[in-house]
Amino acid sequence: MSTLVEVSHLVKQFTRDAGLFRKGTAVAAVDDVSFSIGKGEMFGLVGESGSGKTTTGRCMLRLVEPTSGEVRFRGDNVLAFSRRRMRETRRDMQIVFQDPYSSLNPRMRARQIVEEPLIIHRLGARAERQERVAELFRLVGLNPVHLDRYPHQFSGGQRQRIGLARALALNPSFLILDEPVSALDVSVQAQVVNLLMDLQQQLKLTYLFIAHDLRLVEHICSRVAVMYLGKIVEMGPTASLFAAPQHPYTRALLSAIPVPDPDAPRQRIVLDPTTVNRSTALREITTGHFAAI
Amino acid sequence: MSALLQVSNLTTVFDTPRRPVAAVDDVSFAIEAGETLGLVGESGSGKSVTALSIMRLVQPPGRVAGGRIVFNGQDLLTLDDKAMRAIRGAGIALIFQEPMTALNPVFRVGDQIAETLLVHGRATRREAKARAVELLRAVRIPDPGSRVNDYPHQLSGGMRQRVLIAISLACQPSLVIADEPTTALDVTIQAEILDLLREMKTAMSLSLLLITHDLGVIAETADRVAVMYAGRIVETGPVRAIFRNPGHPYTRGLLASMPGGGPGQRLRAIDGSVPLLGALPPGCAFNPRCPDRFEPCTEARPPDYPAGPQQTAKCYLHDPQFASRMPQSAIRNVDAR
């Protein structure tokens, strides 16, 4: 499998300005993060709030400018691209946001929301665009009859499908999915997850799946990286990482997932933060399975 | 043994310009002393409105339109406001979902705990402060003596939820209603809060009504489960029975749609989406999404049928008079039980 995306030594610092009684401080939200994603792979990035997983995703698209590091897409470092070239590259790298209630413009019709990227990138004549929009609607399992509705007239699951149709409008090969189903009801989550898996197969997409729901990541992704306080502390094939977690944080995280089985044994592992040495580098434990221990 | 809380035929409606819409529709359940009842449902199923109805905190245009809520032998719906205030906090306490907004940002957390004690006349001002420290220690907040003077923004989400639990326990209620107490929290913090709730429940011999959409949380915490859908309780039973032998197709669908089968396999999703309360289909509200739908389902609302020991389901699959007309798929599901 050839590499599509390669992130190396990515750093994003947020600075807090000095105040009257306070010195300026810098916080590394993403602290020397490296991973690569193969073509057609579903790569999971998991962690809790504040771990830096969302910032990592945004840095890759330069929605947030990283402080340092490299993001290579098809071999080229996108962080060195001009604005113009970056905009062209974004046709190929798209993002779907978490909250389908706030990520769609409430004043635009579904048709306009899905068509907008085509207009921005000046693709096709009006009639062609209309045809493409209807095709995208069908692709994500929506009925083109409803194209002229506004976002509030759709359910949460349908709104997330609209977000997905918009992201797919430019035929990208790489999709960053930032918590794409966590705002949805349980019974609807599964529909969207199935759609994501179908589209990946059908369109040969590559996914970076950012999530806090480990059960979902275990189900969807072939490889996973676990982030803790801005660093990747463990990374490997999903099966190996879930079966034999190496890092104390991964162990604590996995043991905290409530199991939907009243008879499942509960063995809570609590992380003692003092045992985590943040400067420990990742090392290979078994083939392809790395941990910072 | 009579139940600590007995809710019978509770109906809470919201008045809309057209007509009242029932958010909670003829709901009945009981909670025994020392028991944890898990109330599970999706957004809009009526689980939070049920909690607010019990506390008599439903705000207009919502109102309780019918039913009885008997707590410790008292019908809460007939109490005057003063008597009801005495129940809130001291008899039944409510823990809200959002630890970020449920605390008042301009008061120290210690004062907010003390307030509950003072309002119920459980302590003098000086005692209340000392008691607040004790309560913070009980919910395992480190260094409670100095944390008591913190403002909410100085605490993390998990710590704020601990403060809310401390407030709810301040007057030693016999029933605590926790409405999605861990939804806004990270999974490791969620685990700690659930452990704390379980511990407090045992230590103070509380009963707990735990409201959540997370079946994992239910499996770990509840003794019995009530499943809500579109304002009605569609299934109740002991936690093991609900997970092993779900009697309602909706419960079965929820369990089947969870990830956990083989990696990469398609999930068994429930078709369609949750109906709007103002536009429920005729008959069983779940029928348009139900894989086992047959003739009676669209005609009239199903009553409760026994579906196992101490288990009931509002589903015609459990009605022997329809046995000959059931679809093959449904018979397979019933046989598999």
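Predicted model: local features only at pLDDT ≥ 70, side-chain atom pairs only at ≥ 80, totals over all residues.
Residues are numbered from 1 along each chain as its sequence is written, while chains are lettered from A and ligands numbered from 1 in the order in which they are written.

**Where chain A meets chain B**

- Chain A brings 31 residues to the contact and chain B brings 33 residues (two residues are in contact if their C-beta atoms, placed from the backbone, lie within 7 Å).
- On the chain A side, at least two residues each come from helix 6 (186-203), helix 7 (214-220) and helix 9 (248-256) (helices are DSSP runs of H or I with at least four residues, strands are runs of E with at least two, and both are numbered from the N terminus).
- Helix 6 of chain A gives the most to this side, with 8 residues.
- By class, the chain A side holds 15 nonpolar, 9 polar and 7 charged residues (Ala, Val, Leu, Ile, Met, Phe, Trp, Tyr, Cys and Pro count as nonpolar, Asp, Glu, Lys and Arg as charged, and the others, Gly among them, as polar).

**Inside chain B: two domains**

- Chain B splits into domain 1 (5-222) and domain 2 (227-260 + 269-335), with bounds from an automatic or database domain assignment.
- Their C-alpha centres lie 30 Å apart.
- Across the domain contact, 22 residues of domain 1 of chain B touch 16 residues of domain 2 of chain B.
- Strand 2 of chain B gives the most to the domain 1 side, with 8 residues.
- That domain 1 side has 12 nonpolar, 6 polar and 4 charged residues.
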